[in-house]
Amino acid sequence: MFIIFALVLLGAMGFSIVLPSIMFVAEDFGGGEAMAGWIVASYAIGQLIATPVWGRLSDRYGRKLILAACSACTMIAFLGLAFAYDALTLFLSRLAGGLAGGLFSVSQAWVADTTTPRNRAKGMGIMGAGISLGFILGPFVGGLLGGGSVETASLLQPGLLGAALAAVLLIVILVFMRESLPPEKRMAAQPFAAEMRQWGAVSKRPAVSRLLVLGLLWMTAAGMFEVMMPLWVGDKLDWGPRHVGAQFLYLGLLVAVIQGFVAGRLSQRFGEVPVIGAGIVFYAAGLLIIANFGMVAAGPFAPDPLRDAVGALSMGDVLADLAGRPWLLLGLGSLAGGSSLLVPNISSLVSKYASVSERGTVLGLFQSSQWLGRTVSPPIGGALFQEQGANAPLYGSVLVLIPCLAGLLVWFGGSRAQPHKEVEA
């Protein structure tokens, strides 16, 4: 588990290191918030297309080879981001990163291979803690490198560091990682038409199709806020990339602790479904707190536009600004708690509906349902932001979470044992 922890840590750092700056850079290339949303969504479009393919290939050729291929392609995509010079090259570079991004779904399959059904949520939680720690370090460093204000935002240094991290990730996989799927358990090669029929057959299973719907709803809601957060703080609080990085630092610390030490234990005691439901409620509460009280300061607050514009903003200034918004911290904490409870437990639940030879396929399909949510949420969030104001994406996320919670309780609320009945179906 240490290797997979290090693997997803480096992967999450590489992915998230551009987050504090990319929305500002995308907006600067022209087109407003709606166009920026489409540029950010390009990564999710690539993930939507490629994730089930990577998962299927890992079922056939093993996890290690596919993870190495994803890392090498990711390195190239980050170099494209570093040197993007207009909206098209930024879109294509981010799209290439998404197409290369089978890392997390194949890593989930690796965890499922090496854990029992009882301790799988704990294993997913350890993996989630690694991702969260990556989301602590990545945006924090990316915020420092990406510029002190909206005007000075840049992807050059974050993109180059992301490429370097992908190279380190490739070395870790090739040198230290062991294969979790032996040849005798791998899926035999099939014609493409047969592959498509198999994907269709898996996705049509009642429980699997319902989980795909829940994954789509959840990520639509989460993505609508997460992608718009930099623009929200820029509009409401006049904050830039370094403030965004500090917020990700705070979120990541909380998520790492909760996923690493709490989420798995709660699922062992109560089962995945109640914990997932609690996560949805906490996430919705956080959105409402931020929308209604996130701008409330603890005391006098006097921003210094000249200080921000010349890039003289120290990290101490940033942390002081963040500490002066206790309601914002409370809302972000509720978001962190909600996602920490939901993410590892819903992945664990999904994995229990797959046999050993098709875990990569099922988890890949589930990841694709989530990436479909990440595809539609940035354009929707950007349009809401542009037409209805900064708080509109937050309220939109809450509205999407309501049917997500209802579907979870109606479809899965009655039986903790149900997933085990379909494993070999």
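**Close-up views of a predicted model**

**View 1. A nonpolar patch sits on the surface.** L79, F83, L156 and L160 together make up this patch, with about 350 Å² of accessible area between them. As in every view here, the model is predicted. One member, L160, belongs to helix α8, which covers residues 156-176. L160 is partly exposed, at a relative accessible area of 36%.

**View 2. Helix α4 runs from residue 63 to residue 82.** With 20 residues at 1.5 Å each, this helix should span 28 Å, and the 29 Å between its end C-alpha atoms agrees with that. Several of its residues are buried, among them R63, I66, L67, A68 and C70. Further along α4, A77, F78, L81 and A82 are buried too.

**View 3. Helix α6 is mostly covered.** Welcome to residues 103-114, a helix of 12 residues. From first C-alpha to last, α6 reaches 17 Å, close to the expected 16 Å. Of its 12 residues, 11 are buried, including F104, W110 and D113.

**View 4. Salt bridges link D59, R63 and D113 in a network.** The structure has two salt bridges by count. In one of them, the side chains of D59 and R63 meet at 2.8 Å, N to O. In the other, D113 pairs with R63, and their closest N and O atoms are also 2.8 Å apart. Because D113 lies in helix α6 and R63 in helix α4, this pair ties together parts that are 50 residues apart in sequence. D59 and R63 are both buried, and so is D113.

**View 5. S180 reaches D113 through a polar contact.** Look for S180 in the loop between α8 and α9, the latter being residues 192-203. The side chains of S180 and D113 are joined by a contact of 2.9 Å. S180 counts as buried, at 11% relative accessibility. Its partner D113 is buried as well, and D113 also forms the salt bridge with R63.

View 6. A disulfide is a covalent bond between the sulfur atoms of two cysteines. How many disulfides does the structure hold? The count is zero. C70 itself is buried, with a relative accessible area of 2%. Another cysteine, C404, counts as buried at 2% relative accessibility.

Key:
Residues are numbered from 1 along each chain as its sequence is written. This is a predicted model: local features need pLDDT of at least 70, side-chain atom pairs count only at pLDDT 80 or more; totals for chains, interfaces and linings use all residues. Side-chain values use heavy atoms; hydrogens and water are left out. Helices (H or I, at least four residues) and strands (E, at least two) are DSSP runs, numbered from the N terminus. The expected span of a helix is 1.5 Å times one less than its number of residues. Buried means under 20% relative accessible area, exposed over 50%, partly exposed in between (1.4 Å probe, protein chains only). A disulfide is a pair of cysteine sulfur atoms within 2.5 Å. Patches are made of residues with over 30% relative accessible area and no salt bridge: like charges are joined within 9 Å, nonpolar side chains (Val, Leu, Ile, Met, Phe, Trp, Tyr) within 5 Å. Accessible areas come from the Shrake-Rupley method with a 1.4 Å probe; for residues, only the protein chains shown count as cover. A salt bridge is a side-chain nitrogen of Lys or Arg within 4 Å of a carboxyl oxygen of Asp or Glu. A polar contact is a pair of N or O atoms within 3.5 Å; within protein, one must be able to donate a hydrogen and the other to accept it, and residues adjacent in sequence count only if both atoms are side-chain atoms.
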